[in-house]
Amino acid sequence: MQAWQFSEYGRFEDVLEWVERDDPIAGEGEAVIRTTAASLNFPDLLMCQGKYQVKQPLPAVSGAEGVGIVESIGAGSKFQVGQRVVGFCHGGGTLADKFKVANNNAWALPDHVDDATAAALTVTYGTSYFALMHRAQIQPGETLLVLGGAGGVGLAAIQLGKVFGATVIAAAGSPEKLEICRQQGADHVINYRDEDLVERVKDITDGRFADVIYDPVGGEIFEQTKRCIAWEGRIIIIGFAGGSIPKIECNRMLLKNMSVVGLAWGQYLGRNPALAEKCQAHLYDLLRAGAIKPVIFNTLPFDKVFDGMRMLEERGMYGKIIVER
Ligand SMILES: NC(=O)c1ccc[n+]([C@@H]2O[C@H](COP(=O)([O-])OP(=O)(O)OC[C@H]3O[C@@H](n4cnc5c(N)ncnc54)[C@H](OP(=O)(O)O)[C@@H]3O)[C@@H](O)[C@H]2O)c1
């Protein structure tokens, strides 16, 4: 088969190559999927650089989520040959003709979920669902502040925040991105590149601040983010697209009776597969009901992966980029 493979770490354009490599072989409880679509995620950039928390042995294949048809199965696989499934490869593997997934990391697709939607939905909505429902236990009527609101996980958080009955404030870095956030349900928007985040959140909430903050950005803006939390609020740490890992003072947590909670979605697949399965089923129900809908910024052929990665890197895009085989 052929795959987007890297043999050393570096910027994607310097290390990714479309090369011939051996087909994956399904072991016990695994299936090999013939890829029809995949989506790009911010961590794909980090994986090529060796900066992601999960590293596959080199040479490794890029891509964390993919859709396709089951081509072969190992003993104990929950799938049958010919089924259409979506799968998650923590640390990479889906930007290839074929990829291999374990039972806990893949789900059969209902007919009403097309390939591109499935590829766009799994990581981003899974992450935002677990973050808001399971970790923050968001309640109807609470105020949710979403940083990086027009990004992949950010837009999913906005849509799910509305489903869960929250008032949603989205923060993003350009007027175009703020418009997308509004279209996807944000009640209020803030341009955190040229507005004072703390003052705006204070104004919007009449001085109460946000009950839940969804933060995939971290970085320098966190100096403001941590001041936007309400009494008994929860800051959910999703990621560090801003490039640096921030710190928080414990006295701030004590005085505000607040919590800082981490969320690593991929770990739930192995540690609590039943909950992951339930989340996936609920997401498909919400999709069928029209309550959520992934925003697809661009769909590219597999040989244009570099164009998609560049869009992720340059920060000009919103939503998801799909690559189709
Ligand atoms: N914890 C988990 O389970 C989990 C799961 C998936 C993803 N993540 C993490 O969540 C973060 C976002 O992932 P994503 O796939 O949603 O990425 P994305 O679509 O590229 O969105 C990231 C957003 O972050 C903002 N941003 C701020 N500073 C940036 C910078 N220096 N470079 C690039 N973007 C910057 C951008 O919005 P503005 O331009 O509007 O600021 C951008 O829209 C990543 O750190 C990723 O690793 C975590």
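**Close-up views of a predicted model**

**View 1. Thr117 sits in helix H3.** The model shown here is predicted. Thr117 has a relative accessible area of 14%. The cut-off for buried is under 20%, so Thr117 counts as buried. Which residues does Thr117 contact, leaving aside its neighbours within four places in sequence? They are Leu287 and Pro294.

**View 2. The largest nonpolar core holds 60 residues.** Leu132, Leu144, Leu160, Tyr214, Ile236 and Leu283 have the most contacts inside this core. Which helix gives the core its largest share? Helix H3, residues 115–135, supplies 11 residues. The core also draws on both domains: at least three of its residues come from domain 1, and at least three from domain 2.

**View 3. Two domains are assigned in this protein.** Domain 1 is made of two stretches, 2–109 and 295–324. Domain 2 covers 125–265. How many Å separate the centres of the two domains? Taken over C-alpha atoms, the separation is 29 Å. The domains also touch: 10 residues of domain 1 are in contact with 12 residues of domain 2.

**View 4. Helix H4 runs from residue 152 to residue 163.** H4 has 12 residues. From its first C-alpha to its last, H4 reaches 17 Å. That is close to the 16 Å expected at 1.5 Å a residue. After H4 comes Gly165, with a positive phi near 85°.

**View 5. A run of H4 residues is buried.** The buried residues are Gly154, Leu155, Ala156, Ala157, Ile158, Gln159, Leu160 and Gly161. Leu160 is also one of the residues with the most contacts inside the largest nonpolar core. What covers the buried residues of H4? The cover includes three helices: H3, H5 (175–183) and H10 (273–288). It also includes strands S9 (143–146), S10 (167–172) and S12 (210–215).

**View 6. Val32 lies in strand S3.** This strand spans residues 30–40. Is Val32 buried or exposed? Val32 is buried, because its relative accessible area is 1%. Now find Phe99, 67 residues away from Val32 along the chain.

View 7. S7 provides the largest share, 5 residues.

**View 8. The largest cavity has a volume of about 50 Å³.** Rolling a probe the size of a water molecule over the atoms shows where empty space is left. How many cavities of 30 Å³ or more are counted? The count is 2. The largest cavity is lined by Phe6, Tyr9, Met47, Gly50, Val54, Lys55, Gln56, Leu58, Ala60 and Gly91.

Methods. Residues are numbered from 1 along each chain as its sequence is written. This is a predicted model: local features need pLDDT of at least 70, side-chain atom pairs count only at pLDDT 80 or more; totals for chains, interfaces and linings use all residues. Side-chain values use heavy atoms; hydrogens and water are left out. A nonpolar core is a set of buried Ala, Val, Leu, Ile, Met, Phe, Trp, Tyr and Cys residues joined through side-chain atoms within 4.5 Å. Buried means under 20% relative accessible area, exposed over 50%, partly exposed in between (1.4 Å probe, protein chains only). Helices (H or I, at least four residues) and strands (E, at least two) are DSSP runs, numbered from the N terminus. Domain bounds come from an automatic or database domain assignment. The expected span of a helix is 1.5 Å times one less than its number of residues. Contact means heavy atoms within 4.5 Å. On a 1 Å grid over the protein atoms alone, a cavity is a set of points where a 1.4 Å probe fits but cannot get out, and a pocket is an open set with protein on both sides within 12 Å along at least five of seven lines; lining residues have an atom within 4 Å of a point. Grid points are joined across faces, edges and corners, and a volume is the space filled by probe spheres set on the points.
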